[in-house]
Structures are given as C-alpha cells and as structure tokens.
Amino acid sequence: MANVVIIGTQWGDEGKGKIVDLLTEKADYVIRFQGGNNAGHTLVVGERKFILHLIPSGILHPGKVCAIGNGVVIDPAVLIQEIDGLAGHGVAVNPENLLISRYAHLIMPYHRALDAARETRKGRSKIGTTGRGIGPCYEDKVARNGIRVHDLFDPEVLADKLQKNLEEKNFLLQHFFGHDPLDSEAILEEYLAYGKRIEPFSGNVSERLQAADDAGRNLLFEGAQGTHLDIDHGTYPFVTSSNTVAGNACCGAGIGPSRISEVLGVVKAYTTRVGGGPFPSELLDETGQKIQQTGGEFGSTTGRPRRCGWLDMVVVRNSARLNSLAGLGITKLDVLTGLPVLKIAVGYKCGPVKLDTVPPELTALEACEPIYEEFPGWHQDLRGVRRFSDFPENTKNYLKAIEELAGIPLFVVSVGPGRDETIILRHPFETAR
Ligand code: GDP
Ligand code: IMO
Ligand code: MG
C-alpha cells in the first residue's frame, strides 16, 4: 500500500498526465487536488489521444476511482462536456468511477469575464492566463464569497449567493471594466441544470479517501500546473492562483500529511513555459524553435505556442526542496535527438553574485543569467528504447547528470507520448518507502 503524489517540477506541461495514466495501473484512486480546467493533461493510448482538463488522468483504466477534491475549482460546463466527450469515445464515466467533492468551488460566468477583463486591462504586463476564470474563482473562495458544488443542489441558497455575488461583480464589470452586466436568472437556470447532472457524482472525497486508505488501497494524487506556477513559491505574479506544490495534496483532498508515502516530480528533458514571466534558460533562437516543433510544444488547453529553453536544474532542485521529491520522471527525452550539444543550467549569475537556487523576487530572477554545463548530444531515435542499458552513451550521461545535479534518482524515463514508450526504473506502488 502506498499513497503517491505526482507533481510538475517546472512551469507545467511536463507530461504529468502520461505518467499518472501509466502509474494508475497499480493505483486504486486517482485524485486531482488543485487547479481547474487551466490544466490540460494529454494521454495517448494506441492511436487515440485524450486531453483531460478536470477529470483525473486515471479515468481510462476500468475499475479505478477518480476523485476531484475540494481544492479544485470546477467549471461545471467543462466537467459535463468532458464526461460526455469521454462517453462518446467509449469511456464510461459514472458515479462508480468519478467522485466530485461537494466542497469544491465553482467557476461562474463572472469569473471568466473578470479574468478576461483584468488581462485586457493589464495590457503588456498581462499574466497570460488561460482565461478560464481560475484566479477570480480562487479569489472568491478566499474572500468567503464562493459558490460550492453543494450549493447547486439548493435552488434558494444558489439564487441568494448568485444575486449577492452579481451585485458586486456587475458593478465591477460595468463601471470599472466597461463590460456588459450578467443576467442572474439565466445563470441560475443554467447552473441548476448542471446541479442535476453533477449531484449523483458528488460526495465527501476526504471521507472516501480515508476509508480507502484504511482498507489498504493505493492513492495517486495528480498535481496540475507546475511548482514554479505555485501562488506562494512560483515566479509571482506570473503564477496560477493555487498552491501547486505537493503539500497542497493534503489540503486539496482532505487527507493528513502522514498518509502520504512519497512525492515524485515530473521533469521535461528541457524547459517550457506558456504565458508571461521570467524564464532564465529560454531559447529565443533556432534551437528553441526546433525544440518547439519537434516537441509539439503548443498548449493542450489554449493552443498557444509554448516558450522553450534548456533544462534548468536550478528550477528542478527548487522543486526537489519544495516538494520533498523522492524520484524524478524524465519525459520527452526523444525530442532532444539530433541536437549536437545539449546545455543544462546548473546555477545563475546575478550580476557579480552566483546563485544555486531560484531567487523568489521577480526583479532578481529577471536579472539572472544561467550558468550552463554542456553535454554532447545523440542522433539515434530513442522512441524504440525500452531498457536503460540500450540508450546511447551520451543519452545515459545526460540522464546521469540530471540525477547527480538533483541528488535524486530517476524512477521513469519517457521516450514518446504512448504508454509503452516508457522505461520504468522503479514503480512507486511496488517500492514506495
Ligand atoms: P501535462 O499538462 O503535464 O500532463 O503535459 P501536457 O499533456 O500538457 O503536455 C505534454 C505533451 O507531451 C503531451 O502532448 C504528451 O502527449 C506529450 N508527451 C508526454 N511524454 C512524452 C515523451 O516522452 N515524448 C514525447 N515526444 N511526447 C511526450
Ligand atoms: P498543466 O496542468 C502550463 C499558466 C498560464 C499562465 C498562468 C496563470 O497542463 O501543466 P491561470 O489560467 O492558471 O490563471 O494562468 O499559469 N498555466 C499553465 N501553464 N500548464 C498548465 O497546466 C497551466 N495552468 C496554468 O499559462 O501563465
Ligand atoms: Mg498541460
């Protein structure tokens, strides 16, 4: 029995979905605990590709329970679309295999409107959010104005909360942002209908997880975004609005910290970032473009091109500290094939000062220049490799350097998007300490 948290170590899109889908084979429950449909987790099974935004990446495995914890913000329209979309592909989603916390907060139309209006107003200094209303929804949660899943099941309560929220939101939208006001009746009708669809799935995730853990089941917690998009520990203000670090698996699912067995980090073999914000190892040249094209680095949620750069081990080490990582899963190693020289950032030069951690202040980080170590590349296609010993020597050396620079062993290496394009070095549900 083990309870494992999977976390992104960089700025998101590390390939968490693929790794979670892979590990689900030996898990019983797969739980999302933060973020919302700003996430886009891609699973490739044979010829089929699924992009999940809210439903945990375990859903393709029959007999497993997927849970959306209280810490997630749910856009019910997106959730229902995702349930129906999966059904259309022959994946049954029902109250047996999907459990939704009654205490998760709901993304409302005014959250999306405010997200868009704030970004427009920020102009060139915008964050580059996904526009899904994530930030404004978490704001309302913290301000204690939020509407939660269980509110959908009580028309009077929902009408009252909606009306109070709209009084304030419409004032802001109309008089500050110059936006049209939103209609309370129409939203009420729309959300009551969502409530009818969602009610059978809803329950107490915290209690269910405790019972499952007591019964010796394996729990797999699926992080969304990445450590450097964390609201506290990321490159603030160019971050998302939730804690993306492993500690939040406990808060966002309602489970005590001593029940977590270990935390594993997913590391893309290079670095990408969508939206604004500092990115010390960013490549603005042809190499960056080549990685973007070969890696298909276009957002799973918004389709935006992802900024690309060299692997930054300062960033990965920061994640190791913030998440107590016990293992690293390297993804997209195949994308680096053909580059003659590979660089890894091992430290930063910040004026005369050398740093080996990410400085939390934005201005300090923006002033940092990476210090690189260089590694010879390889030309062999890696997608057919299934054993570590079959990697070219230069690939082995690149992987060993990552392990040494992080001081953390690898548990998996991924050489393609498919399930089988993977080398499992240690399966956490067989060996978790
Ligand atoms: P997530 O948000 O962390 O789940 O990652 P995304 O799904 O947004 O982005 C990762 C992308 O890389 C997806 O298109 C995956 O199918 C793909 N992918 C995952 N692992 C590999 C790999 O090892 N090699 C290649 N070429 N693609 C991969
Ligand atoms: P997954 O789970 C990459 C980024 C946005 C923006 C910032 C804030 O697929 O790795 P938000 O809409 O959350 O307020 O946007 O965070 N962002 C992501 N980038 N992967 C994600 O999720 C992301 N979710 C949010 O691009 O820079
Ligand atoms: Mg993604």
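The model is a predicted one. Its chain is divided into domain 1, made of 3-96 + 204-424, and domain 2, made of 105-201.

**The side of domain 1 that touches domain 2**

- Strand S6 (73-74) and helix H2 (76-88) each give at least two residues to the side of domain 1 that touches domain 2.
- Helix H2 provides the largest share of that side, with 6 residues.
- By class, the side of domain 1 that touches domain 2 holds 13 nonpolar, 15 polar and 3 charged residues.

**Extent of the interface**

- The C-alpha centres of domain 1 and domain 2 are 29 Å apart.
- In the contact between the domains, 31 residues of domain 1 meet 23 residues of domain 2.
- The size of an interface is often expressed as the accessible area that is lost when the parts come together.
- Domain 1 and domain 2 bury about 2,100 Å² between them, and 62% of this area is on carbon and sulfur atoms.
- Val73, Pro76 and Ile80 account for 24% of the area that domain 1 buries against domain 2, more than any other three residues.

**Salt bridges**

- Side chains of opposite charge can pair when their charged atoms come close.
- The whole structure contains 23 salt bridges.
- Across the interface of domain 1 and domain 2 there are 2 salt bridges.
- Arg112 and Asp75 form a salt bridge in which the closest N and O atoms are 2.7 Å apart.
- Glu430 and Lys26 form another salt bridge, with the closest N and O atoms 3.3 Å apart.
- The pair of Glu430 and Lys26 links distant parts of the chain, 404 residues apart. Glu430 is in helix H13 (residues 428-431), and Lys26 is in the loop between helix H1 (16-24) and strand S2 (29-32).

**Surroundings of ligand 1**

- Ligand 1 has 20 residues around it, of which Lys16, Thr42, Ser300, Asp334 and Ser414 come nearest.
- A polar backbone atom of Lys16 is 2.8 Å from an oxygen atom of ligand 1.
- In the side chain of Ser414, a polar atom lies 2.5 Å from an oxygen atom of ligand 1.
- An N or O atom in the side chain of Arg306 is 3.1 Å from an oxygen atom of ligand 1.

**Surroundings of ligand 2**

- Ligand 2 is surrounded by 20 residues, and the closest are Lys16, His41, Thr130, Gln225 and Thr240.
- An N or O atom in the side chain of Thr130 is 2.6 Å from an oxygen atom of ligand 2.
- For Gln225, a backbone N or O atom lies 2.8 Å from an oxygen atom of ligand 2.
- A polar backbone atom of Asp13 is 2.8 Å from an oxygen atom of ligand 2.

**Backbone features**

- Asp13, whose backbone approaches an oxygen atom of ligand 2 to 2.8 Å, has a phi near 60°, a positive value in a residue other than glycine.
- Asp13 is placed in the loop between strand S1 (3-8) and helix H1.
- Tyr236 and Pro237 are joined by a cis peptide bond, with omega about 5°.
- Pro237 is found in the loop between strand S10 (219-222) and helix H8 (247-253).

Notes. Residues are numbered from 1 along each chain as its sequence is written. Chains are lettered from A and ligands numbered from 1 in the order in which they are written. This is a predicted model: local features need pLDDT of at least 70, side-chain atom pairs count only at pLDDT 80 or more; totals for chains, interfaces and linings use all residues. Side-chain values use heavy atoms; hydrogens and water are left out. Domain bounds come from an automatic or database domain assignment. Contact means heavy atoms within 4.5 Å. Buried area is the accessible area (1.4 Å probe) that two parts lose on being put together, summed over both. A salt bridge is a side-chain nitrogen of Lys or Arg within 4 Å of a carboxyl oxygen of Asp or Glu. Helices (H or I, at least four residues) and strands (E, at least two) are DSSP runs, numbered from the N terminus. Ala, Val, Leu, Ile, Met, Phe, Trp, Tyr, Cys and Pro count as nonpolar, Asp, Glu, Lys and Arg as charged, and the others, Gly among them, as polar. A residue is near a molecule or strand if one of its heavy atoms lies within 4 Å of it. A polar contact is a pair of N or O atoms within 3.5 Å; within protein, one must be able to donate a hydrogen and the other to accept it, and residues adjacent in sequence count only if both atoms are side-chain atoms.
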